[in-house]
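Let's learn to read a protein model together, one feature at a time. Keep the structure open while we talk.

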Amino acid sequence: MNNEAAPEPNKYARTPQPDKYALLREDLAYHQARVLLLITAVSALRGHQGKLDGLTKLAKLDFLLRYPALAHLVLDDLDPNDRRLNLTRRDLAEPTSVEAPMIRYKFGPWDDRYYPMIGALVGRGLVRYARGRRGSVALVSTPAGKRLTAEMSSSNEWRIMASRSRAIADASAGLTGSNLKDLIYQRLAGLMDRPHRQVIR
């Protein structure tokens, strides 16, 4: 596990050599890698009690990570000029033009692939389950997950995503999944006003 290398965001559909890029062996590789970065960033902070608590919180934070130009509208403690977000003028002008859009579901932004993503990360020993609030399941990066995250964070391919993950984790400290859901509905009402399962664009 220690020798795993991170997949490149725009190359996850390729078939790699047998012993290279272990996370690339599945179609979900890109999404697994991004979620691992997010879980590691969140679980590193005391403001999140050292874990990412519940799928609702994961989905809402992942939404802000996938649509980084919208994050400052939802999180009061996040400035759009924060260098960690690495936002361009085009990002701000076209905040929903993203490479990995989500769908609008019952409780806001969602991705049907979360269960296989998390299962794969847990199966590889990169993430473990922990007890969450009110019976929910929380997620924590393992030592192997932290090592892989560190490798990814220092690579050109994943540096910006890792930086954005940390910025969003910092600004969302103390917020529950329900808090985040309410903020998204309140502050992005026009974007959320769409039929269930419609892509958020």
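**Pockets, helices and a sheet**

By class, 12 nonpolar, three polar and eight charged residues make up the lining of the largest pocket. Keep in mind that this is a predicted model.

Q: How much space lies in the largest pocket?
A: Let's begin with the general idea: rolling a probe the size of a water molecule over the atoms shows where empty space is left. In this model, the largest pocket holds about 480 Å³ of space.

Q: Which residues should I look for around the largest pocket?
A: Its lining counts 23 residues, and those nearest the centre are Y30, P68, E99, M161 and R164. Two or more lining residues come from each of helix 1 (29–43), helix 2 (55–66), helix 3 (68–74), helix 4 (89–93) and helix 7 (159–171).

Q: Which helix gives the most to that lining?
A: That is helix 7, which gives three residues to the lining of the largest pocket.

Q: What about the second largest pocket: how much space lies there, and which residues are closest to its centre?
A: The second largest pocket has about 330 Å³ of space. It is lined by 16 residues, and D53, R133, S136, T176 and G177 are the closest to its centre. Helix 2 and helix 8 (177–187) each supply at least two residues of this lining.

Q: How many residues of each class line the second largest pocket?
A: Sorting the lining of the second largest pocket by class gives one nonpolar, 10 polar and five charged residues.

Q: Now for helices. What describes the way two of them pack?
A: Two packed helices are described by the angle between their axes and the distance between the axes.

Q: Which residues meet where helix 1 touches helix 6?
A: On the helix 1 side, find A33, L36, L37 and T40; they meet G145, K146, L148, T149, M152 and S153 of helix 6. By class, the residues of this contact are five nonpolar, four polar and one charged.

Q: At what angle do helix 1 and helix 5 pack?
A: Helix 1 and helix 5 (residues 114–123) pack at about 70 degrees, and 9 Å separates their axes. This pair, helix 1 and helix 5, is therefore roughly perpendicular too. In the contact, H31, Q32, R34, V35 and L36 of helix 1 meet Y114, M117, A120 and L121 of helix 5. The contact residues include six nonpolar, two polar and one charged.

Q: How many bridges join strand 4 and strand 5?
A: Strand 4 and strand 5 (residues 137–141) pair over five bridges, in the antiparallel sense. To follow the pairing, find R131 opposite V137 of strand 5, then Y129 opposite L139 of strand 5.

Q: And which residue takes a positive phi in the hairpin of strand 4 and strand 5?
A: Look at R134, with a positive phi near 50 degrees; this hairpin has five residues between the strands.

Notes: Residues numbered from 1 in each chain as written. Predicted model: local features only at pLDDT ≥ 70, side-chain atom pairs only at ≥ 80, totals over all residues. Heavy atoms only, no water. 1 Å grid on protein atoms, 1.4 Å probe; cavity = no way out; pocket = protein on both sides within 12 Å on 5 of 7 lines; lining within 4 Å. Points joined across faces, edges and corners; volume = space filled by probe spheres on them. Helix = DSSP H or I, 4+ residues; strand = E, 2+ residues; numbered from the N terminus. Nonpolar A, V, L, I, M, F, W, Y, C, P; charged D, E, K, R; others polar. Pairing = 2+ DSSP bridges. Contact = heavy atoms within 4.5 Å. Axes fitted to C-alpha atoms, helices over the stretch in contact; angles between N-to-C directions. Parallel < 35°, antiparallel > 145°, perpendicular 65-115°, else oblique.
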